[in-house]
Amino acid sequence: MSPTSYSEPGAPLELRDARETERLSTFLKVGWWYWDAELDVTVNGTPVRSPVPDNGWDPFLGLGAQYRVWKELSVRAEFERYFLDDQDVDFWSMGLVVKF
């Protein structure tokens with residue numbers, strides 16, 4: 001058996017607490033994550049029991065910082081931990097925020 005596809009769309013609900021100076025702001029996030037997964041399996045090229053649905057609501061926490069480089073441009077770094085049914089998932093990200 002081999003998994004051939006897996007998808008996990010979700011929609012976070014979050015509460016934010018922001019602390020800000022002239023250029024640097026930090027934030028905390030806490031919320032619930034809804035996820036919906038499907039797993040397609042093939043055995044010797046033949047699909048078997050496809051899809052196997054699974055879904056649920058699980059909590060997540062996050063923290064991050066954003067530094068304003070110019071009035072319209074900021075750099076952001078963030079860490080999030082998702083507490084899924086049988087394991088935790090850590091997510092690190094960096095990005096740019098552009099204001100129009």
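This is a predicted model: local features need pLDDT of at least 70, side-chain atom pairs count only at pLDDT 80 or more; totals for chains, interfaces and linings use all residues.
**View 1. Strand 5 and strand 6 pair as a hairpin.** Here you can follow strand 5 (residues 73–83) alongside strand 6 (residues 88–98), the two running antiparallel and joined by eleven bridges. Four residues sit between the two strands.

**View 2. Lys-29 and Glu-80 meet in a salt bridge.** Their side chains come to 2.5 Å, N to O. This pair links distant parts of the chain, with Lys-29 in strand 3 and Glu-80 in strand 5, 51 residues apart. Lys-29 counts as buried because its relative accessibility is 6%, and Glu-80 is likewise buried, at 8%.

View 3. Arg-81 is partly exposed at 31%, and Asp-90 is partly exposed at 40%. Within it, the closest N and O atoms of Glu-78 and Arg-76 are 3.8 Å apart. Glu-78 is buried at 11% relative accessibility, whereas Arg-76 is partly exposed at 22%. The whole structure holds four salt bridges.

**View 4. Five residues form a negative surface patch.** Look for Asp-36, Glu-38, Asp-54, Asp-85 and Asp-86. Glu-38 belongs to strand 3 (residues 24–43), and its 37% relative accessibility makes it partly exposed.

Technical notes. Residues are numbered from 1 along each chain as its sequence is written. Side-chain values use heavy atoms; hydrogens and water are left out. Patches are made of residues with over 30% relative accessible area and no salt bridge: like charges are joined within 9 Å, nonpolar side chains (Val, Leu, Ile, Met, Phe, Trp, Tyr) within 5 Å. Accessible areas come from the Shrake-Rupley method with a 1.4 Å probe; for residues, only the protein chains shown count as cover. Lys and Arg count as positive and Asp and Glu as negative; His and the chain ends are not counted. The place of a charge is taken as NZ of Lys, CZ of Arg, CG of Asp or CD of Glu. Buried means under 20% relative accessible area, exposed over 50%, partly exposed in between (1.4 Å probe, protein chains only). Two strands pair if DSSP finds at least two bridges between them.
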